[in-house]
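Please look over the following model with its nonpolar cores and its salt bridges in mind. The briefing below groups the points by topic.

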Amino acid sequence: MGGSNSHKNPRFLSICSGNLTHSILSQSLYHHHRLSSLLSSPSSFFFTLHYLHSLSLPHKTLLIAKHFLSSLHQLTRHFHPPPLPPHPSATIKHRDLDAALLLLLLCEVHQYNPEILKTPRTEWGRILSKRYSDSILMQSGVGVHYGGVLLPFVEMIIRCWRFVSVMGGCGRKERREVAAAPSAVVALPTVELKGGGGGECVICREEMREGRDVCELPCEHLFHWMCILPWLKKKNTCPCCRFQLPTEDVLGEIQRLWSFLIKKDFFAEQRVM
C-alpha cells in the first residue's frame with residue numbers, strides 16, 4: 001500500500017543517497033586508477049595520445065559523449081523510479097575510456113595551465129602525471145562524504161554537457177528526432193483491452209476496441225501495434241506525453257538522461273547543498 005510513496009520516505013532517500021555516493025566513489029576511483037596508470041606509463045601515454053591525434057573532431061566528441069553517457073547512467077540509476085537504462089551499444093571500451101579521460105585532462109590543462117602544453121610532447125606524460133597526482137592529493141584532503149564525492153562528479157558531467165552541447169549539438173532547443181532502440185521496442189508489453197476498450201489511438205484517431213491486443217508504453221499510454229511501430233522507427237517519444245524510450249543514438253541518449261535529471265531538479269538540489 002505504501003510502496004508508491006517510498007521515494008518520499010527519509011530513510012529510503014538516505015539509502016539512495018548512500019548508494020549513489022558509493023557508486024560514484026567507486027567509478028571515480030576506477031577512473032583515477034586508469035588515468036594514473038596511463039600517465040605513469042610512457043608507452044601507454046604515447047599510444048593513447050597518438051590515438052587521440054588520429055581521431056577527427058566528431059570522433060573526439062563521440063568519445064566524450066560515450067564517457068558522459070556512462071556517467072549519466074551511473075547517476076540516474078539510483079533515482080526512484082530510475083529511467084530505462086541506455087542501450088548496450090552506448091557502452092565505452094577501455095581504450096576509448098582512457099582516451100576520453102586523457103582528452104578531458106588536456107582540455108582542463110589547456111584552460112588553466114596552457115604553458116604545460118607548450119613544452120615538448122615527450123615531457124607531457126611526466127608533467128601531467130605530477131600535476132594529476134598533486135590534484136588527487138588535494139581532493140583527498142576534502143574527505144569522503146556526500147558533497148566531497150558527488151559535487152566534483154557533478155562538475156565533471158556539467159563540463160562534459162557543455163562540451164557535447166557545443167560540439168555535438170545536444171544543447172539545441174529543438175529536440176533531435178531519433179528512433180527508439182529495437183531492443184526497447186521488442187520489450188514493450190502487449191495488453192488485451194477489456195471493459196469497453198481503451199479509447200482512441202491518438203496516431204490513427206480510431207477506437208481501440210475491446211478484445212484487441214495493443215501496445216503499452218512505460219508511461220501507460222496505449223496504441224495500436226500497427227500505428228506505434230512505424231512511429232518508433234522514427235521517434236523514441238510517446239505521441240501523447242513525449243516520454244522517451246532508449247535509443248541507439250549516443251547523443252539522443254544523453255538528451256534523454258539529461259532531461260530526466262532536469263525534471264528531478266537534481267542540479268538545483270546540488271546548488272542548495
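**A buried charge and its surroundings**

Glu253 counts as buried, because its relative accessibility is 0%, where buried means under 20% relative accessible area, exposed over 50% and partly exposed in between, computed with a 1.4 Å probe on protein chains only. The model is predicted, so local features need pLDDT of at least 70 and side-chain atom pairs count only at pLDDT 80 or more, whereas totals for chains, interfaces and linings use all residues. Residues are numbered from 1 along each chain as its sequence is written, and side-chain values use heavy atoms, with hydrogens and water left out.

**Salt bridges**

- Five salt bridges are counted in the model, a salt bridge being a side-chain nitrogen of Lys or Arg within 4 Å of a carboxyl oxygen of Asp or Glu.
- Glu253 forms one of them with Arg256, at 2.8 Å from N to O, and Arg256 is buried as well, with a relative accessible area of 5%.
- Glu253 and Arg256 are three residues apart in helix H9, which means that about one helical turn separates them; helices (H or I, at least four residues) and strands (E, at least two) are DSSP runs, numbered from the N terminus.
- Another salt bridge joins the side chains of Glu123 and Arg126 at 2.8 Å, N to O, and both residues lie in helix H5, three residues apart, or about one turn of the helix.
- Within that pair, Glu123 is partly exposed, with a relative accessible area of 30%, while Arg126 is exposed, with a relative accessible area of 55%.
- Arg34 and Asp98 also meet through their side chains in a salt bridge, at 2.7 Å from N to O, and this pair links distant parts of the chain, since Arg34 belongs to helix H1 and Asp98 to helix H4, 64 residues apart.
- Asp98 counts as buried, because its relative accessibility is 14%.

**Nonpolar cores**

- The largest nonpolar core has 45 residues, of which Leu39, Phe68, Leu72, Leu102, Leu128 and Ile254 touch the most other members; such a core is a set of buried Ala, Val, Leu, Ile, Met, Phe, Trp, Tyr and Cys residues joined through side-chain atoms within 4.5 Å.
- Two or more residues of this core come from each of helix H1 (10-40), helix H2 (42-54), helix H3 (57-76), helix H4 (94-112), helix H5 (121-140), helix H6 (146-168) and helix H9 (250-263).
- Helix H4 gives the largest share of this core, nine residues.
- Another core, of 15 residues, lies apart from it, and its members include Ala180, Leu188, Leu193 and Leu232.
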